[in-house]
Amino acid sequence: LFVGGGLVVLVILALIIVPMFVSIDDYKPMIEKKVSEATGRPFRLAGDLDLSLFPWAGFAFSELHLGNPPGFEQEDFVYVKSFDVRVKLLPLISRDVQVKRFVLEGVQINLEKAGDGRTNWEDLGGPAVDVAEEPPEEAPGRQPAAPVESAGLPVEALAVQEFSVSGAVLWIDHAAGLRKEISDLSLELKNLSLDRPIGLDFSASLDGLPITLEGDMGPLGKDPMTSSIPLDLRLAAAGRLNLNIKGLIEAPATKRRFDVELRMEPFSPRGLLAQVGRKLPLETADPEVLEHVSLDVKVEGDPDTFSLKDGLLKLDDSNLTFSARARDFSRPDLTFALELDRIDLDRYLPPKGQDEDVKEKEAPKPKKPAEKAEPVDYEPLRRLLLDGSIRVGDLKAQGLQVEDIVLNVNAKDGIIRTEPLSAALYQGTIESDAVVDVRGNAPKSRMSARINTIQAGPLVRDLAGKDVIEGSVQGNVQISTLGDQPENIKKNLNGGGELLFRDGAVVGIDIPGMVRNVKSAFTTTKPSGERPRTDFSELSAPFSIRNGVAETPGTELKSPLIRVIATGTADLVNEVLDLRVDPKLVASLKGQDDTEERRGIRVPILVTGTFAEPKFRPDLKGMIEGGLKETLEEGVRDPSKLKDMLEPGTGEDGEEKSQSLEDKGKDLLKGFGIGQ
């Protein structure tokens, strides 16, 4: 005991006396040389070194400089103003770590990327690693490495009285002309131990935006890598954004599982950006949007699964509830469910006319020869497993009002389906099914739609801002195509269908007026200022599409005193029209459901030009060879009909005719400038 006690006393005296007679500053040149050799960078300690061994083993220095390689703007890669650590010596024997002080002040880290792509950290400690090199292939039959089990911390207890770090981080990208700085960085840990919650107090400023993170973590336990670590943190930015994080991280080394609840308190994105001197990336039509955003969601996951549960996102006056799950990331297996009560997307789009103003200012550029597009890799979609549903109560987009939207989408083995998509709009409904097959080199797409009594007038007015057609519409459409580029999609477009309009009007074309006055009827306005229109009781439009060319064998309009049949094609690839509209005045006031063959004066109309600028002109030759000849022949066969057509009288329903055929003929001749 005497000898042992004497040895302990001698060791203690040595620990106290040695630092008094040995100057650690004498070893600075050797330390600087060893660090320079290890890092390959210039290294120096401009300040004093301090070493103590008992009762606290301590080390301190100041003014540390680790330099940058040549060719970078900043002189230092890392600068430390001062560092001081004090650890109680004797408790270390029993693996009890008692730290009095761990303070790192004035740390400045400068991260740079040169114009040639080099970074100032890639060669730190040795030759740069070529990230483009392919990883070595594993030996055949080799099993993946099992997770490393944690052996726990090599300490029995930990207690830190003072722990703080302060400094800044600078990021400079010379190639992109980018400069970002995290300044006023401060990290303080309170009650740092293994058996009590650790207080966290972090603050920084990102380009002038103050950010704070505070709260509690732990207790960590003697083996933090296999324990469940509770979290209760609060993140704040600019005094406006507040995010609460509460949950736990389970076994970071083995299970690597987390279960966290995120709650973002209501804040204004518009106000947050304005506070830091920035604007929204896009100007919105409604300056009052993006003033209220909040989020609540539970986030769970592990290396194989990630899920969102009980999600609620509030955006202004819209509420979105959502849940999602992803698993088996090598072959993504995704499920989701979204339900939105209402949203007006037009409020978030740029103001009307802004896009047109930009297009007018831009000078037209000559078209370049089309370059061959790079092939798209559809392998990720072939591996995708997807099962999701979307429901929207009320949606407005591009002026279009849609309600009760239901969409189910699923994908498996390279086939993506949406079945069904249903919605209510403009006093009617629409249902649609779609399939995209990406098993081949180019995707094959099929779509069918069923329309039921939708009011076409308000729909077109809201969508396009124009009066084109009125009436209720029903019909069905089936189309298919092949390809993923717009031109290929149009060239391979095939299908057909039929649309049926009832009790409406074609707005912008006055077909009876064209018949009455060939010279002046082919204009867009009447002398009175009213827009021309052709009322009808029924308009049926069957069509087929073959390799991008749409054809109608006989679009037929039925209206009192007139029948119209349109035939021809519309080239969807070149956007060119080639249609013939064949109107006929008839001695009948019947419209829809009238199947009797009618005869009268025909004034055919040719529709040519492009989709953007259609052209209308009368087919005079067709009128003379068709309508007038047919009328005269009918009059020769049955003079009573000709007399009835030439004289005013009453129609089949007893109503008085407003104009005889003779008067109509006079108006027609006036159109040619012949006079009466």
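The model described here is predicted. Helix α6 spans residues 456–464, and its buried residues are A456, G457, L459 and V460. Viewed down the axis of α6, these buried residues fall within an arc of 165 degrees, so they line one face of the helix. The helix is followed by G465, which has a positive phi, near 70 degrees.

Aromatic contacts are considered next. A pair of aromatic rings is described by the distance of the centres and the angle of the planes. The count of aromatic pairs comes to six. Two of them are set out below.

| Pair | Distance between ring centres | Angle between planes | Class |
|---|---|---|---|
| F61 and F83 | 5.4 Å | 35 degrees | tilted |
| W121 and W171 | 6.2 Å | 45 degrees | tilted |

Which parts of the chain does the pair of F61 and F83 tie together? F61 belongs to strand β3 (residues 56–67) and F83 to strand β4 (residues 76–88), so the pair ties together parts that are 22 residues apart in sequence. F61 and F83 are both buried. Ring pairs also link F61 and F83 with F59, F102 and F163 into a cluster.

The pair of W121 and W171 links distant parts of the chain, 50 residues apart. W121 is in the loop between β5 (96–113) and β6 (157–160), whereas W171 is in strand β7 (residues 163–173).

The charged end of R41 sits over the ring of F77, at 5.2 Å from the ring centre.

A further site is the serine at position 307. S307 lies in strand β16, which covers residues 305–315. With a relative accessible area of 8%, S307 is buried, because this value is under 20%. Which residues is S307 in contact with, leaving aside its neighbours within four places in sequence? They are K298, V299, E300, A324 and R325.

Terms used. Residues numbered from 1 in each chain as written. Predicted model: local features only at pLDDT ≥ 70, side-chain atom pairs only at ≥ 80, totals over all residues. Heavy atoms only, no water. Phe/Tyr/Trp six-rings, centres within 6.5 Å; stacked < 30°, edge-to-face > 60°. Helix = DSSP H or I, 4+ residues; strand = E, 2+ residues; numbered from the N terminus. Buried < 20%, exposed > 50% of the residue type's maximum accessible area, 1.4 Å probe, protein only. Lys NZ or Arg CZ within 6 Å of the ring centre and 35° of its normal. Contact = heavy atoms within 4.5 Å. Arc of directions from axis to C-beta.
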